Amino acid sequence: KPQLVASNDRFCRFLEEYCPVVTETYYPTIWCWEGRVQTLLRPFITSRPQVQYRNELIKTADGGQISLDWFDNDGSLYYPDASTRPTVLLLPGLTGTSKESYILHMIHQSETLGYRCVVFNNRGIAGEDLLTPRTYCAANTEDLEAVIHHVHGLHPSAPFMAAGVSMGGMLLLNYLGKTGRDTPLMAAAIFSAGWNVFESVESLEKPLNWLLFNYYLTTCLQSSISRHRQMLEKLFDMDLVMKARTVREFDKQFTSVMFGYRTIDDYYEDASPCRKLKSVGIPVLCLNSVDDVFSPGHAIPVETAKQNANVALVLTSCGGHIGFLEGIWPRKCTYMDRVFKQFVQAVFEHGNKIFSM
């Protein structure tokens, strides 16, 4: 059974009644239960539900643009009135977009419940051009704040929550830690967030993890900016950036410099959500596996979570990073998908029972 960490008895009872999956035994797929194997295989094993998006480009205060992919769910039987149709904002991982299989599955789950979804694609990675020499990072919440304000402004009467995966979860937590209760979001779900960036990069620099994940992730980051090289060369030594062989080297040469940090340690300290958890002011459910090499179990802030009545952690012993595969042939639904579906439905349909906490 997963470990449920929450200091608020009322929140616990709410989850046990309306999101019972968090108390059920999680049985990982027997032939790929190990965390690294789950992490590596999930993108290849899980199906990719068909989703038709409506794209919207919104302008930012600094002259940039952000790409939003909407799944309007206009065929919703439960919520035919678009003005009050519940809306879920989805935040993909580090180099992820609305095309990631885990995002498509979240939208598929939301569709069956009648909800609308909108995917926040970070600057420059979903095919749109960079209009300014700026991308994104886990610590800077300005773009996310702009997106939340925009979406809420379009549908002010619609119940509104968010779900973030991996770096998307870190960004969402950092936003919630900054805003406290001053947010239009009712609640949030966080999956496989890296709680302490120092511990995450140290784990990823172990020889086997570097070979399996770190080098590939670094090349993905480099690929995501290479298309915008002409714009970025105005501020960066792109030859040096493209020589990075670890995420830490990339962040030292590029990310921390772009966002004005004096050192990479300053950036990593600011990007670590464990430092903001005490300030979260709305109900948040966080799912992590303790065998996740991107967010090692010893770095999960269990004691800090116990100090905030708005926070609940669900910790599984297996599952890897955005893995959580279950069943003999785990093609369709993962444990993470079930947690997402039940928690979102619980918030939208029974949320009044926790909002008075």
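Me: Is Phe324 buried or exposed?

Reply: Phe324 is buried, because its relative accessibility is 0% and the cut-off for buried is under 20%. Keep in mind that this is a predicted model.

Me: Where in the chain is Phe324? And what is its phi?

Reply: Phe324 sits in the loop between strand S9 (311-316) and helix H13 (335-350). Its phi is positive, about 55°, although Phe324 is not a glycine.

Me: What about Asn73, what is its phi?

Reply: Asn73 has a phi near 55°, again a positive value in a residue other than glycine. Asn73 belongs to the loop between S3 and strand S4 (87-91), and it is buried, with a relative accessible area of 9%.

Me: Nice. How many salt bridges does a search of the whole structure find?

Reply: The search finds 18. One of them joins Arg338 and Glu326, with 2.8 Å between the closest N and O atoms. Arg338 is in helix H13 and Glu326 is in the loop between S9 and H13, so this pair ties together parts 12 residues apart in sequence. Arg338 counts as partly exposed at 23% relative accessibility, while Glu326 is buried at 14%. There is also a network, in which salt bridges that share partners join Asp62, Arg123, Arg134, Glu142 and Asp143.

Me: And what about Arg262, which residue does its side chain meet in a salt bridge?

Reply: That would be Asp266, at 3.7 Å from N to O. Arg262 is exposed, with a relative accessible area of 72%, and Asp266 is partly exposed at 28%.

Me: Switching topic: what does the domain assignment give?

Reply: The assignment gives domain 1 (3-196 + 272-350) and domain 2 (197-271). Their centres, taken over C-alpha atoms, are 23 Å apart. Domain 1 brings 36 residues to the contact and domain 2 brings 30.

Me: How much area is buried between domain 1 and domain 2?

Reply: About 2700 Å², with 64% of that coming from carbon and sulfur atoms. On the domain 1 side, Pro133, Asn196 and Phe294 lose the most area to domain 2, together 22% of what that side buries.

Me: How many salt bridges are there between domain 1 and domain 2?

Reply: Three salt bridges are counted there. Arg275 also forms a salt bridge with Glu269, and the closest N and O atoms of that pair are 3.1 Å apart. As for polar contacts, 15 residue pairs are found across the interface of domain 1 and domain 2.

Me: Which helices supply at least two residues each on the domain 1 side?

Reply: Helix H2 (35-45) and helix H5 (167-179) do. H2 gives the largest share of that side, three residues. By class, the side of domain 1 that touches domain 2 has 17 nonpolar, 13 polar and six charged residues.

Me: Last one: where is Ser67?

Reply: Ser67 is in strand S3 (residues 65-71) and is buried, with a relative accessible area of 2%. Its side chain makes a polar contact of 2.8 Å with the side chain of Asn55. Among the other residues Ser67 touches are Leu57, Val119 and Phe120.

Note on methods
Residues numbered from 1 in each chain as written. Predicted model: local features only at pLDDT ≥ 70, side-chain atom pairs only at ≥ 80, totals over all residues. Heavy atoms only, no water. Domains from an automatic or database assignment. Contact = heavy atoms within 4.5 Å. Buried area = accessible area lost by both parts, 1.4 Å probe. Salt bridge = Lys/Arg side-chain N within 4 Å of Asp/Glu carboxyl O. Polar contact = N/O pair within 3.5 Å; in protein donor to acceptor, adjacent residues only side chain to side chain. Helix = DSSP H or I, 4+ residues; strand = E, 2+ residues; numbered from the N terminus. Nonpolar A, V, L, I, M, F, W, Y, C, P; charged D, E, K, R; others polar. Buried < 20%, exposed > 50% of the residue type's maximum accessible area, 1.4 Å probe, protein only. Lists of a residue's contacts leave out its neighbours within four places in sequence.
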